[in-house]
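This report is for a reader meeting the structure for the first time. Please look over the sequence and the model before reading on.

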Amino acid sequence: MRARAAAAGLVLTAALALAPAPAHATVPADADAAMSAFVSAFWDPAKKYFYTNSDHQIHAEHAHGPEGGLYTDFWWEAQLWELVMDAYQRTGGAAYRQLIDDVYAGFVAYYPTFANDFNDDLGWWALAYEITRDATYLNRSRALFDQIWAEQDTAFGGGIWWRRSVHTQKNVATNAPAVITATMLYAATGDASYLTDARAAADWATTYLTNGGTMMHEGSDDAGGFKSLLFRSLNTLVTEHGQTQYLPFLQRNATQAWRHRRTGDGLAGPDWSAPAPATYLQSLTAAAAVSALQLVQHDGNTGLQPENGRYEAENALSSGIGAESTQPGFSGRGYLAGWNTSGQTLTFHVNVPSAGAHELRFRYAAAAGDAVRHVFVNGAGAVDALRFPSTGSWSTWNTVTVPNVALQEGANTVSVIFNASKGSANWLNLDELTLRYVSGPS
């Protein structure tokens with residue numbers, strides 16, 4: 001049986017494999033290549049299950065799921081099942097239709113009763129019927145929805161409890177998939193106010209959850225899959241509800257993710273603003289970019305994806321610095337605070353259309369007196385002791401400028417570091433970085 005399953009998996013992989021895609025172009029061939037690379041890296045045809053990591057090893061940071069975490073856990077496998085459905089909806093291909101059934105069969109082999117204490121995990125397994133029209137999935141959706149709905153009551157104004165064993169919280173992760181499932185199983189309301197709310201949420205997310213216009217890096221483990229959910233929902237607004245104003249944002253992000261993939265195995269990393277790291281990748285993280293390419297209407301864009309030049313500090317990569325939003329006057333969702341110890345670092349990943357001199361402008365508050373920080377650009381020291389003059393109040397914001405900083409075309413890093421040996425001192429709240437192109441290379 002294992003031999004037949006392995007042979008079937010090789011046939012599937014061959015069916016999905018295609019010639020290498022054109023470099024950095026967002027076309028259907030890229031979506032095919034991305035999915036093929038993902039299946040090659042993560043799918044185990046013998047077990048009919050996705051590996052947690054691209055190196056097929058167990059790592060302590062997410063050792064959850066079958067066989068000690070070698071394979072993905074309850075929620076991750078549901079998300080990867082959705083990725084396969086994305087590919088099937090795009091292509092209508094028989095190989096992807098078979099893979100939908102294979103993922104389900106592999107999951108049921110490990111979780112025959114779908115026993116799970118978390119209602120949000122159950123919710124994601126109730127979404128396949130609309131795509132397949134297979135009665136097996138309709139029956140499963142009904143059964144799971146009945147279990148989930150039994151956990152709703154009027155506490156906190158209504159909604160469904162997150163866990164079945166202890167009723168301590170109700171959250172979006174639980175209630176959103178339940179609403180999606182209910183909409184599929186029953187009739188939609190047609191109430192225009194819901195579309196208004198959806199647009200408001202989409203506007204906020206595309207404005208504040210970005211890094212220079214690119215979907216922000218949310219981290220690894222469970223957080224690595226959140227971009228898939230946001231991308232899929234925004235695309236639904238475009239394709240099913242006529243909200244085409246979000247299409248350019250989605251197209252640019254899909255291209256950005258694909259452009260930063262690894263050349264060796266075609267996998268994208270967690271930060272779509274930066275080249276994918278050379279280390280092993282988690283399947284849920286890598287799936288986000290693949291899903292984006294399956295979903296979005298391809299625009300044939302072959303060029304570099306420069307960003308809008310505005311980078312919120314709270315959306316950058318920080319080490320040891322906390323986010324805050326208590327002082328008025330900040331931009332975005334907040335700012336970074338609690339910053340006065342050696343080793344605390346903030347790194348902005350930025351993409352620019354042209355190499356040359358750029359002006360870096362940091363918006364900040366420094367109420368405890370002049371602050372000093374060390375600035376690194378692309379791993380090299382740019383300013384040992386950048387002075388941030390006192391603003392006199394934490395709600396008074398000012399700007400300090402670093403002129404004529406050389407950036408390369410495409411991806412760059414700008415790091416702001418507390419380094420006492422370089423003169424760093426005092427407290428600092430950092431709000432945002434803005435870039436301005438000055439001149440080309442001399």
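## Basis

The model is predicted, with local features requiring pLDDT of at least 70, side-chain atom pairs counted only at pLDDT 80 or more, and totals for chains, interfaces and linings using all residues. Residues are numbered from 1 along each chain as its sequence is written, and side-chain values use heavy atoms, without hydrogens and water.

## Nonpolar cores

A nonpolar core is a set of buried Ala, Val, Leu, Ile, Met, Phe, Trp, Tyr and Cys residues joined through side-chain atoms within 4.5 Å. Buried means under 20% relative accessible area, exposed over 50%, and partly exposed in between (1.4 Å probe, protein chains only).

The largest nonpolar core has 72 residues, of which Phe38, Trp81, Trp125 and Phe231 touch the most other members. Elements that each supply at least two residues of this core include helix 2 (28–42), strand 2 (49–50) and helix 4 (74–91); helices (H or I, at least four residues) and strands (E, at least two) are DSSP runs numbered from the N terminus. Helix 4 gives the most, ten residues. Another core, of 31 residues, lies apart from this one and includes Leu336, Leu346, Phe362 and Leu407.

Strand 10 (residues 356–365) is largely enclosed by the rest of the structure, because eight of its ten residues are buried.

Two strands pair if DSSP finds at least two bridges between them. Strand 10 pairs antiparallel with strand 13 (residues 398–407) over eight bridges, and Arg361 stands opposite Thr401 in strand 13. Strand 10 also runs antiparallel to strand 15 (residues 429–439), joined by nine bridges; here Arg363 stands opposite Glu432 in strand 15.
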